[in-house]
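Subject: Structure for your review

Dear colleague,

Please find below the structure that I would like to hand over to you. My notes on what was found in it follow directly after.

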Amino acid sequence: MAHTTQQIRNISPKVITFLLLAFGLMFMVYALIFQKILLFAIIVGLPLGVIILTYSIQRPRMSYLLYGAYTFYLTAIMRYSRQDGLSVISDGLLIYMTISILFYYVKNKNDIRLSNAINFFTVTYIAWFLYILIQFINPASDSTSYIAGIRGWLLSTPILYFVSCILLDNPKTLKRSLIIIGIFTITAFLKLLYQKYRWFDAAETEWLMGGSWYTHILSSGIRYFSIYSDAGNFGSNMGMISIVYGIIAFHTSEKWLRIFFSCIALMGIVGMIMSGTRGAMIVPLGGLALYCLICKNIKIMVISALAVIMLYAFFAFTEIGDGNALIRRMRTAFRPQEDTSFNVRIENQKLIAEYMRTHPWGAGLGKGVARVNVNSDGVVEDTIPPDAFYVDIWIQTGTIGLLIYISMCIAIIIYSCYIIMFRVRNPGLRNILTAFICGVFGIWLNGYVGRGMGMTPSFFMVAASLAFIMNGPYIDRLLRESKSEILNTKPVSYTHLRAHETAANIVC
């Protein structure tokens with residue numbers, strides 16, 4: 001045994017490399033011959049994955065970028081690989097990220113601030129965390145659906161919140177994040193153009209023919225979805241992109257960055273319209289309305305308010321652009337009485353409300369409200385589609401759960417506005433954080449009519465945005481100490497209220 005072990009140790013690294021390469025090529029040939037595309041992709045990507053994972057254990061923020069990229073393209077990966085359940089990999093990346101942070105902290109305590117994990121954002125979530133635990137005693141719940149339903153709420157969500165707050169705490173990371181998300185958006189926009197002018201590819205056609213054509217190929221026009229899960233998710237996320245990058249571009253004076261951010265904002269607007277998602281319009285409009293309230297600049301406030309009023313008047317009281325099917329479809333969002341799908345949702349919510357009268361704790365995690373339909377095939381049992389994120393929360397956790405969740409969102413929005421208005425002195429940082437909270441506010445408003453706020457990548461972007469806001473006072477202190485700027489910003493005439501004297505020493 002000892003002799004065999006010694007022989008193995010004496011094998012040259014070149015020989016080992018050659019053997020691994022040979023076996024890799026053999027498996028690649030096998031995968032191509034038998035059309036094992038996923039296996040082929042794994043073999044090709046394995047060396048690169050090992051390098052990235054090895055490097056990211058030394059640079060935790062690299063692992064966060066890896067997680068963000070995987071989250072952004074998760075739906076596309078599942079669609080083209082024809083594999084479901086790949087979201088478990090994102091959970092694995094979160095756990096790996098947590099381990100890499102702990103290892104890095106032991107060696108570099110000055111570069112990682114674990115105290116960032118405790119702030120208003122993460123502490124507020126504890127109330128929801130505890131309520132989800134209590135759902136186990138819900139009489140309507142069952143153990144199978146409960147276990148399946150808690151994975152996101154009790155594992156991936158809190159870990160993502162904590163990790164985001166720990167890692168997103170410096171100006172360099174903030175600037176890089178804006179550029180990286182912008183690049184991700186460009187890839188999504190290019191895919192949108194491909195769908196528009198070259199039609200859907202084989203994988204997308206297969207997905208549409210599986211039943212999604214019913215909601216995406218309409219007489220009123222095609223609803224495009226790019227690399228996202230569906231047009232609703234795509235539209236709401238593009239709405240968030242448009243308001244965030246639009247505000248940032250407005251306040252950026254550095255020429256190439258202003259052009260870059262303006263282009264991303266324009267891509268967001270075009271993407272939102274081409275998605276045909278009417279509820280997505282509330283994202284930029286709601287974000288712009290909040291911007292009017294917290295910008296503390298009379299001129300900008302008036303301009304923003306006029307923009308909101310003009311947009312509303314354009315869609316609600318005119319017929320300009322009705323020749324375009326997508327604009328005509330968007331206009332129905334401002335005339336809900338003429339919208340058949342809206343009226344169907346209202347009827348569904350009446351049925352749900354009737355059920356909730358006797359089930360204040362909801363139907364249970366992972367479950368829905370059952371109903372019986374009578375059609376040409378006979379009597380068919382199914383569940384009432386929630387059609388929106390908050391309605392889904394209402395169904396699963398009841399009126400009590402819905403009130404807790406909405407209260408948590410309102411508290412986070414108010415506290416975030418407080419941080420931005422009174423505890424961040426740097427005007428450039430304040431502009432960026434203002435854009436973030438406007439985007440978050442808009443996507444959360446969309447939760448009443450869509451499900452985008454609970455889906456990737458919007459869910460990830462919300463977590464990252466709130467993490468930067470909670471770390472705003474600390475980032476502000478770093479900027480003042482280094483006497484630097486994140487972006488070259490235009491002069492801002494905000495009426496600056498004096499921050500607390502201790503704000504620079506407090507990490508939110």
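The number of salt bridges comes to nine. Please keep in mind throughout that this is a predicted model. Side chains of opposite charge can pair when their charged atoms come close.

Salt bridges

Aspartate 91 and arginine 151 meet through their side chains in a salt bridge, with an N to O distance of 2.6 Å. This pair links distant parts of the chain, since aspartate 91 belongs to helix α6 and arginine 151 to helix α8, 60 residues apart. Are the two partners buried or exposed, if anything under 20% relative accessible area is called buried and anything over 50% exposed? Aspartate 91 has a relative accessibility of 8% and therefore counts as buried. Arginine 151 has a relative accessible area of 36%, so this residue is partly exposed.

The side chains of glutamate 204 and lysine 191 also form a salt bridge, at 3.2 Å from N to O. Glutamate 204 is in helix α10 and lysine 191 is in helix α9 (residues 171–198), so the bridge ties together parts that are 13 residues apart in sequence. Glutamate 204 counts as buried because its relative accessibility is 0%. Lysine 191 is buried as well, with a relative accessible area of 14%. Both residues belong to a network of salt bridges that links Lys191, Asp201 and Glu204.

In the pair of arginine 451 and aspartate 392, the closest N and O atoms of the salt bridge are 2.8 Å apart. Arginine 451 sits in the loop between α18 (427–445) and α19, while aspartate 392 sits in helix α17, so this pair ties together parts that are 59 residues apart in sequence. Arginine 451 counts as partly exposed, because its relative accessibility is 37%. Aspartate 392, at 16%, counts as buried.

The chain as a whole

The protein chain contains 20 helices and four strands. It has 508 residues, of which 45% count as buried. Among contacts with a separation of 6 or more, 75% are between residues 24 or more positions apart.

In soluble globular proteins, nonpolar side chains tend to be buried together. In this model, the largest nonpolar core has 121 residues, and Tyr405, Ile437 and Trp444 have the most contacts inside it. The element that gives the most to this core is helix α17 (residues 389–422), with 16 residues. A second, separate core has six residues, including Met281, Leu285, Phe315 and Phe334.

Which residues are in contact with isoleucine 437, leaving aside its neighbours within four places in sequence? They are Leu290, Ile294, Ile413, Ser416, Cys417, Ile420, Leu466 and Ile469.

The largest pocket has a volume of about 1400 Å³. It is lined by 41 residues, and those closest to its centre are Arg278, Arg329, Ser341, Arg345 and Val449. By type, the lining divides into 17 nonpolar, 16 polar and eight charged residues. Helices α10 (202–216), α11 (231–250), α13 (282–294) and α16 (340–356) each supply at least two residues of this lining. Of the elements, α16 gives the most to it, with six residues.

The second largest pocket holds about 1100 Å³ of space. It has 30 lining residues, and the closest to its centre are Gly152, Ser156, Gly454, Met455 and Thr456. Two or more residues of this lining come from each of α4 (60–72), α5 (74–81), α6 (87–107), α8 (143–167), α17 and α19 (458–470). Which element gives the most to the lining of the second largest pocket? That element is α8, with eight residues. The lining of the second largest pocket is made up of twelve nonpolar, 14 polar and four charged residues.

A tryptophan in helix α10

Tryptophan 213 is located in helix α10. Its relative accessibility is 41%, so tryptophan 213 counts as partly exposed. Between tryptophan 213 and arginine 223 there are ten places in sequence, and their C-alpha atoms are 9.4 Å apart in space.

Yours sincerely,
A colleague

Key. Residues numbered from 1 in each chain as written. Predicted model: local features only at pLDDT ≥ 70, side-chain atom pairs only at ≥ 80, totals over all residues. Heavy atoms only, no water. Core = buried A, V, L, I, M, F, W, Y, C linked by side-chain atoms within 4.5 Å. Buried < 20%, exposed > 50% of the residue type's maximum accessible area, 1.4 Å probe, protein only. Contact = heavy atoms within 4.5 Å. 1 Å grid on protein atoms, 1.4 Å probe; cavity = no way out; pocket = protein on both sides within 12 Å on 5 of 7 lines; lining within 4 Å. Points joined across faces, edges and corners; volume = space filled by probe spheres on them. Nonpolar A, V, L, I, M, F, W, Y, C, P; charged D, E, K, R; others polar. Salt bridge = Lys/Arg side-chain N within 4 Å of Asp/Glu carboxyl O.
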